[in-house]
Amino acid sequence: MLDTRDFIVFDEIDKYGPQTLSGTYEFAPKELEREELAAVGPVSIEATAKKGELAGEYLVDGTSRFTADFTCSRCVEPYPFANSSAFHLRFRPRLQVAQENEEVEIAPEDLDVEFYTERSISLRDLAVEQVQLAIPMKPLCDENCLGLCPKCGANRNREGCQCEASVVDDRWGALAGIREQLAKKKDV
Ligand SMILES: [Zn+2]
Ligand SMILES: [Zn+2]
């Protein structure tokens, strides 16, 4: 027996009209299969589901909110992140789609379509999906994050390491060499 508070049940929409559900769900970062996610707080989600225009189609509009700690892709330090986003989903029965011409190109407006086989949607699954969508491809603690020194691994945001200084020294050294050569040419 489904816990109706955690599931959008299409049969209930058919019987009673649009349904609004809300929930707060906890996740282990592992569940989301993104190593950039160091920690994630509870995810709050609210969704209203109603019948769509097509037979068997349901529209789900809602918002989700969560806070998390991401691992910066440059300096590997965790940093706090807060997200609040709206979503608009369209659920269509999978069977019906298979019967249609499979060569049909998916129009841009159909990109938010998801296909269902069971006539209920887990609110928790929707919440997971929203968190996954909100995680950037390359999370950065700051756009100007200096990252780690490739030589010694020092976090350049916090400490200047000697490697950088020696690179600069080499440049000055090269310049000094050019000066020497110029000086020699003058002497000739
Ligand atoms: Zn960083
Ligand atoms: Zn270094």
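Visitor: How do β3 and β5 pair, and over how many bridges?
Guide: In this predicted model, β3 and β5 are antiparallel partners joined by three bridges. One residue pair to look at is alanine 39 with its bridge partner in β5, aspartate 69.

Visitor: And how many bridges are there between β4 and β5?
Guide: There are eight bridges between β4 and β5, again in the antiparallel sense. Serine 44 is positioned opposite arginine 65 of β5. The two strands, β4 and β5, form a hairpin with six residues between them. Glycine 56, in that turn, has a positive phi of about 80°.

Visitor: What about β5 and β6, how many bridges there?
Guide: β5 and β6 run antiparallel and are joined by 14 bridges. Phenylalanine 66 faces asparagine 83 of β6 across the pairing. β5 and β6 also form a hairpin with six residues between them.

Visitor: Which residue in that turn has a positive phi?
Guide: Valine 76, with a phi of about 65°. It is a residue other than glycine, and it sits in the loop between β5 and β6.

Visitor: Is valine 76 buried, exposed or partly exposed, and why?
Guide: Valine 76 counts as partly exposed because it has 13 C-beta neighbours inside 10 Å, and a residue needs 20 or more to be buried, or 12 or fewer to be exposed.

Visitor: Which other residue, in the loop between β2 and β3, deserves a look?
Guide: Glutamate 33 lies in that loop. Its phi is near 50°, a positive value in a residue other than glycine. Glutamate 33 is exposed, since 9 other C-beta atoms lie within 10 Å of its own.

Visitor: Back to β5. Which residues are on its covered face?
Guide: The covered face of β5 carries Tyr58, Val60, Gly62, Ser64, Phe66, Ala68 and Phe70. The uncovered face has Leu59, Asp61, Thr63, Arg65, Thr67, Asp69 and Thr71.

Visitor: What does Val60 touch?
Guide: Leaving aside residues up to four places away in sequence, valine 60 touches Ile8, Ala47, Ala49, Leu89, Phe91 and Ile121.

Visitor: How many residues are in the largest nonpolar core?
Guide: The largest nonpolar core has 25 residues, and Ile8, Ala47, Val60 and Leu123 have the most contacts inside it. At least two residues of this core come from each of β1, β3, β4, β5, β6 and α3. The largest share, five residues, is supplied by β5. In soluble globular proteins, nonpolar side chains tend to be buried together.

Visitor: Which residues of α3 are buried?
Guide: Leu123, Leu126, Ala127, Gln130 and Val131 are the buried residues of α3. They lie on the same side of α3, because they cover an arc of only 140° around the axis. The face turned away from that buried side carries the exposed residues Asp125, Gln132 and Leu133.

Visitor: How far does α3 reach?
Guide: The twelve residues of α3 reach 17 Å from the first C-alpha to the last, close to the 16 Å expected at 1.5 Å a residue.

Visitor: What does phenylalanine 87 touch?
Guide: Phenylalanine 87, in strand β6, touches Gly62, Ser64 and Gln130, not counting residues up to four places away in sequence. The C-alpha atoms of phenylalanine 87 and leucine 126 are 9.7 Å apart, although the two residues are 39 residues apart along the chain. Phenylalanine 87 is partly exposed, with 16 other C-beta atoms within 10 Å.

Methods. Residues numbered from 1 in each chain as written. Chains lettered and ligands numbered in written order. Predicted model: local features only at pLDDT ≥ 70, side-chain atom pairs only at ≥ 80, totals over all residues. Core = buried A, V, L, I, M, F, W, Y, C linked by C-beta atoms within 7 Å. Helix = DSSP H or I, 4+ residues; strand = E, 2+ residues; numbered from the N terminus. Contact = placed C-beta atoms within 7 Å. Expected span 1.5 Å × (residues − 1). Arc of directions from axis to C-beta. Pairing = 2+ DSSP bridges.
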